[in-house]
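Please read the following points with the sequence and the structure side by side.

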Amino acid sequence: MASFRLTQVASHLNGTKAPRTQIGVQSPDDIIIVQALRTPITRARKGGFKDTTSEYLLGTILRGLLERTHIDPTLVDDICVGNVCPPGGGATTARMAALYAGFPNTTSVQTVNRQCSSGLQAVVHIAHAIQAGMIDVGIGAGVESMTQFYGPQHKLIPDTISDEVMEAPQVADCIIPMGLTSENVSAEFCIPRSKQDAFAALSHQRAARAQKLGYFNEEIYPVRTKIADKDGKETEIIVDRDDGVRPEATAESLGKLRAAFSADGATTAGNASQVSDGAAAVLLMKRSRAKELGLPIQGKFVASAVAGVPPRIMGVGPAYAVPAVLKKTGLTVAQLDIIELNEAFASQAVYCVETLGLDINKVNPKGGAIAFGHPLGCTGARQISTLLTELKRQDKRVGCTTMCIGGGFGMAAIFESEH
Amino acid sequence: MFPCKYRTAGFKGYAVKFSPFTDRLLASAASANFGLIGNGRLSILATTTTNTNNSRTQSNTNNSPLTILPQQHYDTQDGLFDLSWNELHENQLISASGDGSIQLWDITLKTHPVAKWKEHKREVMSVEWNYTAKTAFLSSSWDGSVKLWNPVHAQGSVQTFSEHTGCVYTAAWSPRHQDQFASCGEDKSIRLWSTNAPQGRSIASFGGHTDQVVSLDWNKYSPDMFVTSSTDRTIKIWDTRNLRGSVTMFGPFEFPVRRVKFCPFSPHFIATAGYDMSASVWDVRNGSVTFVHDAHTEFVFGIDWSYFHPGQIASCGWDEQIHVFNAPLPQ
């Protein structure tokens, strides 16, 4: 019948356009990850990198990425580095690190600061630049030496802030110490201390087990560096493992720690992320380019999303960012095989796991920042290396990285393993 | 070599197919009023070459100007949406009609078909003669079924395969397994079948695209590979050995591809005809478009590769034009 045939032709022209990036589908224009690599993470001021500077850490991981992927450094158009604390946003030291690592001066360098998500935002900036055609090949990286640039003697917030600005709603919330935002989340959402300590102990147990079984071997690039003893005598060492992990930690032992941020609070040094040093880097390009260059593909960048939340409870960020990225991709929580949820604090991690209805067995199977640390700018890039290697090890496909962000945001990204 | 064209005046082209027996013949299935209502016309066309001496020769080479001349045409009650040449008899071909019937024609006869089968309850969208076993052909219909036929089987279809919901746009034979074929449809699914399977159940069925799947064709050299095009504006390359694994996708583009055909001379190239009014050749290894023929001024619905001249393509569309042109097939 004529009307049916007409409707059929019209339906062809009105069909829903397929999404450009799909799980299980390979497109020549996909943004793929050749490799995601990280340094070990060590305790700030005390661990293996306490006498290592951030440009050396970053330069070493960039060098490691070149070494492992065998890519010609002249092909890399841009390197975006996430970091939070260093002076000048780390722009000059990042450039120095790239030149040290062997990149020619024709490889550009930029830095980005979206607080705890900086490493992820750096990777996403590079992915978008490739998608937009601004660059062909790029590296998204993250580095933080909290030994060098974090602490009471370092200023992240200026001494003088405009009174008028401070009086605007929520502005004063922006300078609430992170630990107090954790207390806000604990109190407002009634997350008992016992749950937080149990979660923290789980992080340590999982990390310890992963270390013992060698699950971190593929993602870690060992770093040769120098360390000084208390007399100032320097020795050369190789740092090849995360030194913050406490295999003996239990919910009981953590329960004995005093609250660190408020007198009757729930947040302790034991159920909060550690202050740490580390760096990570991710090499990205289009699938067609990787094929041309004969490079292997570790995974694919699918999508990313960022969500703003009240600064005083910034920890809830992932509970908003994850649904936002799932909506973009048409995926459901159940379709995520592994979730790397940054453990800024056990309070917010537990809140997010429960609110999102995540299967705890899929969350941080190799432990998280409570066990091995959260070098601020590094974490977002580090999570990608941890995620992709674990997806391969478990023979799974779809993963999500997410974190809460100081100032009141959440960020999340979806990756697909192509092992 | 282009412009080499022919106008099926008053009838909008839906399908064009080269004869498998001679490079001198091609046929087109076309319909009045854009196929919405009215008659159909099956046109038998002869191709000749004019060489520099201006005398007609019986075969054409890639570099000689080609002329398309009408040899014969047959009009049908309802529109025609597809055709397929008989692989056993050089003078015979079948057509798929909007009233659910399939006609078998002998081009040495002037008017009526030699056989007519009316079983499908709705428009027959595609027909394809089995080019390996050669004795049977398939039809797919808007009634949701695919039927297997053998012309010597007087009672009608040999078998009916009904699993799709909605229009089945294409059914295509596997180049390796004589009993196997694939179908695709409005229900967004792709199904693999065997004529030997018990109770006519499909061997495999999978969600293919996020919208209707309108065309499907097999790679003639890598017989585990087939290509589909969809109204979700993409083309997808599939591997039958790994149906739920990774699939290669090109697109999404602005307009859907209406018909897709693998090259008979190379495993690497497909020809596409689409709603963007172009006929193109793609390299499936990297998704790059290696040739675009954009001389049509309406939707291009039919496309076919010559079996005798590598890279020669015929296209037809709603502009009533049949074009024959050459596309390079780079290594």
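1. Contact here means heavy atoms within 4.5 Å. The model is a predicted one, and in that model the buried residues of helix α3 of chain A pack against α2 (54-69), β4 (78-82) and β5 (108-112) of chain A.

2. Which residues of α3(A) are buried? In this helix, which covers residues 91-101, they are A94(A), A97(A), A98(A) and A101(A). Because they cover an arc of only 100° around the axis, they lie on the same side of α3(A). Just after α3(A) comes G102(A), which takes a positive phi of about 110°.

3. A pair of aromatic rings is described by the distance of the centres and the angle of the planes. Over all chains, the count comes to 30 aromatic pairs. In the pair of Y275(B) and F299(B), the ring centres are 4.7 Å apart and the planes stand at 70°, so the pair is edge-to-face. Y275(B) lies in the loop between β24 (269-274) and β25 (279-283) of chain B, while F299(B) lies in the loop between β26 (288-293) and β27 (300-305) of chain B, so the pair ties together parts that are 24 residues apart in sequence. Both Y275(B) and F299(B) are buried.

4. Y275(B) also pairs with F301(B): the centres of these rings are 5.3 Å apart and their planes are at 75°, so this pair is edge-to-face. Here the loop between β24 and β25 of chain B, which holds Y275(B), is linked to strand β27 of chain B, which holds F301(B), and the two residues are 26 residues apart. F301(B) is buried, and so is Y275(B). Ring pairs link Y275(B), F299(B) and F301(B) with Y14(B), F34(B), F81(B) and W318(B) into a cluster.

5. Rings also meet charged side chains. The charged end of K12(B) sits over the ring of F34(B), 4.8 Å from its centre, and F34(B) is one of the residues in the cluster of ring pairs. In chain A, the charged end of R38(A) sits over the ring of F372(A), 5.7 Å from its centre. R38(A) is also linked with E219(A), D242(A), K366(A), E390(A) and R393(A) in a network of salt bridges.

6. Side chains of opposite charge can pair when their charged atoms come close. Over all chains, a search of the whole structure finds 38 salt bridges. One of them joins E87(B) and K134(B), whose closest N and O atoms are 3.3 Å apart. E87(B) is in the loop between β7 (80-85) and β8 (92-97) of chain B and K134(B) is in the loop between β11 (124-129) and β12 (137-141) of chain B, so the pair ties together parts that are 47 residues apart in sequence. E87(B) counts as buried because its relative accessibility is 16%, whereas K134(B), at 27%, counts as partly exposed.

7. Is each partner in the salt bridge of D224(B) and R241(B) buried or exposed? The closest N and O atoms of this pair are 3.5 Å apart. D224(B) counts as buried at 16% relative accessibility, while R241(B) counts as exposed at 62%.

8. The side chains of R285(B) and D283(B) also meet in a salt bridge, at 2.8 Å from N to O. R285(B) is partly exposed, with a relative accessible area of 38%, whereas D283(B) is buried, with a relative accessible area of 7%.

How values were computed
Residues numbered from 1 in each chain as written. Chains lettered and ligands numbered in written order. Predicted model: local features only at pLDDT ≥ 70, side-chain atom pairs only at ≥ 80, totals over all residues. Heavy atoms only, no water. Buried < 20%, exposed > 50% of the residue type's maximum accessible area, 1.4 Å probe, protein only. Helix = DSSP H or I, 4+ residues; strand = E, 2+ residues; numbered from the N terminus. Arc of directions from axis to C-beta. Phe/Tyr/Trp six-rings, centres within 6.5 Å; stacked < 30°, edge-to-face > 60°. Lys NZ or Arg CZ within 6 Å of the ring centre and 35° of its normal. Salt bridge = Lys/Arg side-chain N within 4 Å of Asp/Glu carboxyl O.
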